[in-house]
Amino acid sequence: MSAEAADRVAAVAGSRPGTPLQTSWFEFLLDGTLLEKHLDKSNPDPTSVQLIIQFLEQASKPSVNEQNQVQPPADNRRNRTLKLLALKVAAHMKWDLDLLEKGLTIPVLNMLLNELLCVSKVPPGVKHVDLDLSTLPPTTAMAVIIYNRWAIRTIVLSSFPEKQTKPGPHQMNMLNVVQQEKEMTDNILTVLKEQAADSISVLEGAVQLKKDFYVHTLRTLDLLAADAAANGETESSTAGLRISAEELHCQVHYDLGAIFFQQGCTDQPAFEKARDHFRQTKELLKKLDSTVHVHLDEKRLAGYWNACKALTGDCDSCDYQTTTYDQINSLIRAHSYQAVIEAFIKDNVTRSLPNHFRQSVLREFLYKVQQGETGLDEVCHKLCVCNAVRDALEGEVLCVRFQQVLLKPSKHMVDFILEVCTRSLEKDRPSETSRRNMASFMKTLCESLEDLSLVFVVSSHKLFMELLKEEERKVLVEQMRKRSATINLSAKPLPSFYDIPASASVSIGQLEQQLILSLEPRRIRQILIELHGMAERPFWRVNSKWEVPSDYIHVILGIKDNLTKDLVYILMAKGLHCISIKDFVHARQLFSACLELVTEFSPKLRQVMLNEMLLLEVRAHEAAAAEGSRERPPPDLVSRVRGYLEMRIHDLPLRQVVGEECVAFMLNWRENDYLTMQVQPSLVMNNSYIRLGQLLASTCKELPGPKESRRTAKDLWDIVVQICSVSIQHKRNNDGRVGLIKQRESSMGILHRSKFITFIKKIREPLVLTTLISLFVRLHSIVRDDIVNEVTAEHLSIWPSSLPNIQAVDVEAVAVTVKELVSYALTLNPNNQSWLITQADIYFVTNQYSAALNLYLQAGAVCSDFFTKAVPPDVYTDQVLKRMIKCCSMMNCHTQVAVLCQCLREVDYMTAFKALQEQNSHDAMDSFYDYIWDVTILEYLTRILAVNYSQREKSKPRR
């Protein structure tokens, strides 16, 4: 390479924008001084917790011996150094458990703290509760305290509900790792809970010690690594980071208060212990000048403190910050409910109580009403009014409960609302915002009242007159009068059911209406008994929307007893309707009643109902899975599905959809072993869906696999080709020549194409969908025979590369199916980069360049964390990049073409130069110049811009 070329390469490399390389974990092994320099950076990459995870992960990797047997991690110098590095990172974080708990999982933090106990020379095999902390070296005692603090904190944190993380696409290895980690976490939590009493005892002993404590630092850990502890330096009273007794006691009291508060749910006296510890925490916080080593949430502490006082009845007169809380709780305990209402009205002015506290007080009273306490309904209504006025003053939406109060208000309640409104405004000079919000509330109040006399009470009130202008008042009152007149004209009182005269036709009509609306099986049966006592006619025809499958209609209508016939038909029809709207609770009740009924007289109908109940459970489980549930189906349900697929009962009406959904269910939950090895051959031959499911399961199991194992893929290919094939008929004209070729869907396929697509859209398993997409993409490429514009997908190599009778395949049907299939898959997981690329290719080959580019960019975003990382080269291949370039070119975004040309493995200078010469560019040209790093393209761009500038200067008129 010439010197000039070398300089150019260096310039290109130097001008290319990029993020600095991340420091690898093994570099810290090679350079002992690197760790502290790295951690002292403002934004180290990797971060502290990431380093701890990497060090411990590498140190705990199992080894393999010469006999290829997996051995536990070796206790060698490398692994010991890695563990020490992890401890040094934690020491740099000053053993802040808040930070460590946020960044590390329970198993990793457990491993880290056990290693701390080990290096701190905590006597092995001795329970911590049996150790005398006062006689242990300072760093050893501190290690025991840190571990037991973490133990009780973890118990408390594990009791809080956690939002489940959204699962990504199915990856067996990843699922195994997650499952193993969950099992480890559960095991550790079980041990920690068993030892909770010991941990509490250790920490209660720690707060009795009056001396300062010392915790390991990077320096003391270095001394341990160098075996320099022989001179006793690391065990002296001054080695390590000093933490004062008050700071440690403050933190430990807080942690003990939290564990006792958590235990108070099952042990009421524990709340008193929690209160005492939180009180000492607050007192110590006031004394401390510096809280460098105290890491606690003071807002949470205040919440704990208020809750403990409310639960124990303790009142601290010296605590001015929480006197309002204390006052409310004391009034509730003393049953001074009117005083509680007065306190809420006063708080509407001061607004010292948070809304969530006020709502919790209302919920407490509502709970008492539900428990049967009398005389509290009015208190609940008044508290609800106070809260509604507070919400109105703050511009919040009024709650539903207040709207319910306004449905049937008394004059007394309206007077109370007006009193609260008057007293809730500041007496001297209420703010303009408060006046405006209160005026809006008064208008809403008038609009919500149906009784015109009550509207008059509001509109004639002094506050209403002050807050609303005269024109607003007139308009509002006029609207109320018009509404009242409309209501009076249309509101003819309807007689109740029991007031109707004894007219048979009216009674039957009312009962039929109730029959249509009812979903309670016993009530349906009772109504039908009454109807059959009045008239003998088929009441299953009352509602034309009641439909049962045609497969069952003859069996049901063959029931001789008319009442039973109506009841079976209506129960089944209503149950099927409930399933269609996903009301599975009512569907189960209706089907259970129907099953109980038919069991008495018809084994055939009994089996029919068992089949329908199976379909109900399958759909209920699939609906839950579609909404994000990852819970596997119970073994009983899987066994019932297998039993249905293996059922061979002659003269039994079977719905095709039941078998179809059972096969889809087995595929969705990866019951591939059953479909491939345990299904009887006779079932495979007689049931198209089982045959299709078996081939899909077998093909997925063999992926990627050698070519010799792809026989099932060839069988699946043949079946799908038959489904998409047409039969050709030649029509001879009158003159004897063959003129017209007529095509119809082939009857040779095991399924009609529309039924095949319906079946596909019941599958959610990503691997099965990827396999089907791959098959149809290959078939689409063969029938289109366009090498340049091929659609790409995964696993294309497993399918045949040609068709013996290509003329028989319906090209349009294949194109429609592949589009429907990919679109459906993306509705399930819009972040699957393989499906996104396939959909983008479909748009590209159909000349929809804007949509194609959009999806190519989405595919890159999802696999690079929105382009904060490099897009993998197997996603943005040269073919994809060239297609993106063409999309930009066809959209006249020529500067973007030049930018993308740099990303190819070999920079496409000719295309870039041609794009930069274009005069009519529809993108923000100047904005993209910062993203051109190739020196050759930059030089060319500079020349182009210079020439353009020179030409513009020459074309200017000279003065």
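The largest cavity here has a volume of about 40 Å³. A cavity, on a 1 Å grid over the protein atoms alone, is a set of points where a 1.4 Å probe fits but cannot get out. The volume is the space filled by probe spheres set on the points, with grid points joined across faces, edges and corners.

Before going on, the conditions. This is a predicted model, so local features need pLDDT of at least 70 and side-chain atom pairs count only at pLDDT 80 or more, while totals for chains, interfaces and linings use all residues. Residues are numbered from 1 along each chain as its sequence is written, and side-chain values use heavy atoms, with hydrogens and water left out.

Back to the cavities. The count comes to two of 30 Å³ or more. Which residues line the largest one? They are Ile757, Ile760, Lys761, Thr817, Glu820 and Leu821; a lining residue has an atom within 4 Å of a point. By class, this lining has three nonpolar, one polar and two charged residues. Here Ala, Val, Leu, Ile, Met, Phe, Trp, Tyr, Cys and Pro count as nonpolar, Asp, Glu, Lys and Arg as charged, and the others, Gly among them, as polar. Helix H37 (753–760) and helix H39 (811–828) each supply at least two of the lining residues, and H39 gives the most, with three.

Now the whole chain. It has 46 helices and six strands, taken as DSSP runs numbered from the N terminus (helices H or I, at least four residues; strands E, at least two). Of the 959 residues, 44% are buried. Buried means under 20% relative accessible area, exposed over 50%, and partly exposed in between, with a 1.4 Å probe and protein chains only. Among contacts (heavy atoms within 4.5 Å) between residues at least 6 apart in sequence, 66% join residues at least 24 apart.

Ser774 sits in helix H38 (residues 766–784). Is Ser774 buried or exposed? Ser774 counts as buried because its relative accessible area is 0%. A polar atom of the Ser774 side chain lies 3.2 Å from the backbone oxygen of His795. Beyond its neighbours within four places in sequence, Ser774 touches Ala793, Glu794, His795, Leu796 and Trp799.

Asp673, in helix H33 (residues 672–678), is partly exposed because its relative accessibility is 42%. Its side chain makes a polar contact of 3.0 Å with that of Lys701. A polar contact is a pair of N or O atoms within 3.5 Å; within protein, one must be able to donate a hydrogen and the other to accept it, and residues adjacent in sequence count only if both atoms are side-chain atoms.

Key: On a 1 Å grid over the protein atoms alone, a cavity is a set of points where a 1.4 Å probe fits but cannot get out, and a pocket is an open set with protein on both sides within 12 Å along at least five of seven lines; lining residues have an atom within 4 Å of a point.
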